[in-house]
Amino acid sequence: MLSISDSEPIQTRRPPRAPAAIPLADDRRRLERDLHDGVQNELVALIVTLALAQEDPKTPPPLVETLAGLEARAQAVLDSVRNIARGIYPPLLADFGLAKALRVQAARAAVDVGLIGSAPRGTAAAEDAVYFACSEAIQNAAKHAGRGTRVALRLHYDPGSLAVRVADDGRGFDPAHTPRGAGLQNIRDRIEDLGGTFKLASRPGHGTAVIISLPWPAPADHRR
């Protein structure tokens, strides 16, 4: 597993951005509700209509086959929309907090992910930012670190702050000669918008580590 001392961390600080560039947690939840109440409901209605048309005895057999194909395609689109909606704001994160949501994410990952540590409930914005930062780091490891990669995800809570480290033992890369993707840029933006810090450390053959630290105030609604 890569040690931070093995590689010079990249401090990805930059000038402040316009605050509206990254959706806040409330905006993400609103978008999730819009998808559920709008697009998903319309697709469900379409699927029901197609199914009823197939059962209508007046429907010619060749048309029944066509309608069945359309129903299957509509169902596939509905499944995709539901996955997108869950990705925008996972119900587990809203209901049970960061640690529980990350454990489920780790269990579903395409690589071996071990989670150590925990965190109390934080504000929706802080939980949202860390959850998607960890998810992006895990996905990057699955895509780029190589077969058999293991990922260690550590949460360390001190009163008022949370430190997060996501490190893999994969092939690593040279950050100085590797373009940064939009995913890592979004991680940095969201963490820094909350007053936190983001670092990346990697070296060919020695894995990659993402290190995050940010304020962790208690939620105003006293969630547990």
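**Figure 1. Overall architecture of the predicted model.** The protein has 224 residues, of which 38% count as buried. Its secondary structure comprises 6 helices and 6 strands. In sequence order these elements follow the pattern β-α-α-α-α-β-α-β-β-α-β-β. Among contacts with a separation of 6 or more, 74% are between residues 24 or more positions apart.

Figure 2. The crossing of α5 and α6 is left-handed. On the α5 side, the contact involves Asp128, Ala129, Phe132, Ala133, Glu136, Ala137 and Asn140. These meet Gly183, Leu184, Ile187, Arg190 and Ile191 in α6. By class, the contact of α5 with α6 holds 7 nonpolar, 2 polar and 3 charged residues.

**Figure 3. Packing of helix α4 on helix α5.** Helix α4, residues 98-108, packs with α5 at an angle of about 20°, and their axes are 10 Å apart. The two helices are therefore roughly parallel to each other, because angles under 35 degrees fall in that class. α4 passes α5 in a right-handed crossing. Leu98, Ala101, Leu102 and Gln105 form the α4 side of the contact. The α5 side consists of Glu127, Val130, Tyr131, Cys134, Ser135 and Gln139. Sorted by class, the contact of α4 with α5 has 6 nonpolar, 3 polar and 1 charged residues.

**Figure 4. The hairpin of strands β5 and β6.** Strand β5 (residues 197-202) and strand β6 (residues 208-215) run antiparallel and are joined by 6 bridges. Thr197 stands opposite Ser213 in β6. Leu200 has Val210 in β6 as its bridge partner. The hairpin has 5 residues between the strands, and Gly205 takes a positive phi near 85°.

**Figure 5. Pairing of strand β4 with strand β6.** Strand β4, residues 161-168, is joined to β6 by 8 bridges, and the two strands run antiparallel. Ala167 stands opposite Ala209 in β6. Strand β6 also pairs with β5, through 6 bridges.

Figure 6. Leaving aside residues up to four places away in sequence, Arg154 touches Ile116, Ala163, Val164 and Arg165. Ile116 is 38 residues from Arg154 along the chain, yet their C-alpha atoms are separated by 4.8 Å. The other listed neighbours, Ala163, Val164 and Arg165, fall within the residue range of strand β4, 161-168.

Key. Residues are numbered from 1 along each chain as its sequence is written. This is a predicted model: local features need pLDDT of at least 70, side-chain atom pairs count only at pLDDT 80 or more; totals for chains, interfaces and linings use all residues. Side-chain values use heavy atoms; hydrogens and water are left out. Two strands pair if DSSP finds at least two bridges between them. Helices (H or I, at least four residues) and strands (E, at least two) are DSSP runs, numbered from the N terminus. A crossing is left-handed if the near helix is turned anticlockwise from the far one by less than a right angle, and right-handed if clockwise. Contact means heavy atoms within 4.5 Å. Ala, Val, Leu, Ile, Met, Phe, Trp, Tyr, Cys and Pro count as nonpolar, Asp, Glu, Lys and Arg as charged, and the others, Gly among them, as polar. Buried means under 20% relative accessible area, exposed over 50%, partly exposed in between (1.4 Å probe, protein chains only). Axes are lines fitted to C-alpha atoms, for helices over the stretch in contact, and angles run from 0 to 180 degrees between N-to-C directions. Angles under 35 degrees count as roughly parallel, over 145 as roughly antiparallel, 65 to 115 as roughly perpendicular and the rest as oblique.
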